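Take a walk through this model, one element at a time. Keep the sequence and the coordinates open side by side.

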Amino acid sequence: MLQTKCFGEWFEITLPSNWEGYSIDDVFRIVWKAPKKQIHTIRMEKHVKVNGELINWTMPLKENDRLQLKLFMEEEFGVIPAYHEVDVLYEDEHMIVFNKPANMDTHPNTLEQTNTLANAAAFYLQAKGEQRKIKHVHRLDRDTTGAILFAKHALAGSILDKMLEERSIKRTYFALVHGQLKRKKGTIQEPIGRDRHHPTKRRVSASGQPAITHYELLEYNSKQNLSLIQCQLDTGRTHQIRVHLSSIGHPIVGDKLYGGKPLFERQALHAGKLVIPHPFTDENIVVEDFKTIPFLHLLKK
């Protein structure tokens with residue numbers, strides 16, 4: 001774990017031994033894999049110091065140097081702050097994980113929209129006196145509940161986006177599906193594309209984008225003929241779990257769009273766990289939300 005601290009708008013990292021010899025430029029490009037345009041902006045705005053001084057970005061750094069980044073400036077939220085009751089599962093200076101309720105979009109589709117998790121997130125920060133342009137790192141469908149990650153400043157957002165792309169962030173979902181799975185564990189590796197006959201539906205399609213879903217059977221109720229499974233994603237396609245499970249003959253309970261029966265008021269899908277390599281401290285942040293899985297009672301009938 002790296003030694004860090006915050007003071008005002010600035011964030012400080014004490015340089016670890018394995019970064020010795022790296023330049024500031026190396027840290028941004030190699031360690032954090034930040035976008036070139038963002039690196040250029042940070043450099044031009046002089047938002048990086050070493051031991052309190054502005055130095056050449058190509059100079060090699062030494063162990064225990066204090067790398068200081070101006071990260072916590074006030075910004076426009078980018079959405080209209082609006083109060084909605086939401087649970088916070090994890091929070092620090094750089095990121096926040098919310099427990100998204102059902103019947104709520106992740107982000108607005110128009111500037112005027114105020115009934116999304118992004119609006120609730122902006123209000124939550126505003127109430128704490130933090131004026132930040134908060135940004136979702138991934139999405140959940142409107143009726144899917146559970147853990148969803150937001151970045152609290154632009155550099156964290158870029159690093160977390162790259163981690164998600166490289167599959168360093170692990171996402172675990174719980175789903176209640178119809179039928180008994182033939183195998184306890186498996187992987188569905190089928191591309192997903194738009195359904196030409198429906199404006200929002202997706203389907204397995206040879207011309208679609210690559211999609212990989214791993215699943216594992218946790219519990220089977222023979223009386224109800226329902227299976228509780230957990231899924232992990234290597235990709236993040238729209239409706240991926242819903243499409244993939246339906247494609248193998250096990251649609252999610254309540255997911256009428258993909259063949260599920262209305263035994264539950266919405267699709268029985270919950271994002272129950274996130275494992276996030278922290279963008280600045282080298283910690284592995286594990287966020288679990290098993291207690292609020294909203295459809296477990298259906299297994300007990």
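Start at Ala151, which is found in strand β8 (residues 145–151). Helices (H or I, at least four residues) and strands (E, at least two) are DSSP runs, numbered from the N terminus. This is a predicted model, in which local features need pLDDT of at least 70 and side-chain atom pairs count only at pLDDT 80 or more, while totals for chains, interfaces and linings use all residues. Residues are numbered from 1 along each chain as its sequence is written, and side-chain values use heavy atoms, with hydrogens and water left out.

Ala151 has a relative accessible area of 1%, so it is buried. Buried means under 20% relative accessible area, exposed means over 50%, and partly exposed lies in between (1.4 Å probe, protein chains only). What does Ala151 touch, not counting residues up to four places away in sequence? The list is His94, Met95, Lys133, Ile134, Lys135, Val137, Ala156, Gly157 and Leu160. Contact here means heavy atoms within 4.5 Å. Ile13 is 138 residues from Ala151 in sequence, and their C-alpha atoms are 19 Å apart.

Now move to the helices. Helix α1 (residues 24–31) and helix α2 (residues 36–44) have axes that come within 11 Å and cross at roughly 155°. Axes are lines fitted to C-alpha atoms, for helices over the stretch in contact, and angles run from 0 to 180 degrees between N-to-C directions. The two helices, α1 and α2, are therefore roughly antiparallel to each other. That term covers angles over 145 degrees; under 35 is roughly parallel, 65 to 115 roughly perpendicular, and the rest oblique. Asp25, Phe28 and Arg29 in α1 meet Ile39, Ile42 and Arg43 in α2.

A search of the whole structure finds 10 aromatic pairs. Rings of Phe, Tyr and Trp (its six-membered ring) pair if their centres lie within 6.5 Å; planes under 30 degrees apart count as stacked, over 60 as edge-to-face and the rest as tilted. Trp19 and Trp32 have ring centres 6.1 Å apart and planes at 85°, so they are edge-to-face. Trp19 lies in the loop between β2 (10–14) and α1, and Trp32 in the loop between α1 and α2. Trp19 is buried at 8% relative accessible area, and Trp32 is buried at 3%. Phe28 and Trp32 are also edge-to-face, because their ring centres are 5.1 Å apart and their planes at 90°. Phe28 counts as buried, at 1% relative accessibility. One aromatic cluster takes in Phe11, Trp19, Phe28, Trp32, Trp57, Phe72 and Phe280.
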